[in-house]
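Visitor: Could you walk me through this one? I have a few things to ask.

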Amino acid sequence: MKRKVIITCAVTGSIYTPTMSPYLPVTGPEIAKASIDAAEAGASIIHLHARDPETGKPSANVEHFHGFIPQIHQASDAVLNISTGGSSLMSLDERLAPARHIKPEMCSLNMGSMNFGIFTLKDRFDEWKHEWEPALLDATRKTIFKNTYEDIETILSDLGDNDGARFEFECYDMGHIETLAYYLRKGLVKAPLYVQFVLGVMGGAGSSPENLMAMKSTADRLLGDNYHFSVLAAGSNQIPIATLGVILGGNVRVGLEDSLITPEKNLATSSAEQVDRIKTIIEALGHEVAKPDEVRDILSLKGRDGIRT
Ligand code: KMH
Ligand code: ZN
């Protein structure tokens, strides 16, 4: 039997800004198209953030999510995964508003407070499309991406216990896996856990093969057979490190949220292009790409009918 590998695609996020790539989707129709195209290319989970359609600024406004959620839900069978991370400059209540409203099958859950430095991206550009872009990047020098134990427990209880979502546990470093293991021991999270090893964010583990292997061996030791893992490498290592993730028995996340460029260091023209690239690699390694209903089975999701579009 071929192994089924899950591709998550994160199409816009809150790290990169419109000046950095003309291909970054910003409006509702652009985010919908990017998501539907990614699903058609083979992504079975779509990880979603919104942006203000006028300015492209990261947004947690429920109305902005309404600009693409119904379209994606109608055009595709993919699992919708709503970010609860938003951006590090938003309050927890702001970050949770979209997922509280939509009640999706999956949400992200960031497993610890950390520095989330994107200020170095500022040096690469002299001119900006919008004033908010350099200001937002700069602000990450003095802001903490806050995910306290209390914040994590609020998300587990409001979106998990009450609304039936399951989680993409975002682990940026070893300690985040320890925190997840603590909640597993306490019975606050249950198998099958879906752990995203997030590499390459400044403030977390860098995107090296050694770090990925260390994260995996830590998770194997602490979570045993209670988990599946996926790999996300921010920046230019996206495809190579995702490939290593597949070789190590895991799943992958790609998309313009995490990397704007191809392995050849050109601008990627779409998230679907990145999905297509990793799908080719997955199949070349002898595996199959999991379809949305297979993912629902593998991750014990509640199904697409209960979500509010
Ligand atoms: N942008 C990723 C590095 C979230 O949305 O909750 C992390 C992320 C967080 O996707
Ligand atoms: Zn995200």
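Visitor: How far does a polar side-chain atom of S108 lie from an oxygen atom of ligand 1?

Guide: Quick note before that: this is a predicted model, where local features need pLDDT of at least 70, side-chain atom pairs count only at pLDDT 80 or more, and totals for chains, interfaces and linings use all residues. Residues are numbered from 1 along each chain as its sequence is written, chains are lettered from A and ligands numbered from 1 in the order written, and side-chain values use heavy atoms, leaving out hydrogens and water. A polar contact here is a pair of N or O atoms within 3.5 Å. For S108 and the ligand 1 oxygen, the distance is 2.7 Å.

Visitor: And how much of ligand 1 does the protein cover?

Guide: Accessible areas come from the Shrake-Rupley method with a 1.4 Å probe. On its own, ligand 1 has 310 Å² of accessible area, and the protein covers 97%.

Visitor: Which residue has a polar backbone atom 3.2 Å from an oxygen atom of ligand 1?

Guide: There's a side-chain case too: an N or O atom of H47 is 3.1 Å from a ligand 1 oxygen. The backbone one, at 3.2 Å, belongs to G85.

Visitor: Where is K103, the non-glycine residue with a positive phi?

Guide: Most residues other than glycine have a negative phi. K103 has phi near 50°. Its place is the loop between α4 (92-102) and β7 (106-110).

Visitor: Which peptide bond is cis?

Guide: Look in the loop between α7 (174-186) and β11 (193-199), where P192 is found. With omega near -5°, the cis bond runs from A191 to P192.

Note on methods:
A polar contact is a pair of N or O atoms within 3.5 Å; within protein, one must be able to donate a hydrogen and the other to accept it, and residues adjacent in sequence count only if both atoms are side-chain atoms. Helices (H or I, at least four residues) and strands (E, at least two) are DSSP runs, numbered from the N terminus.
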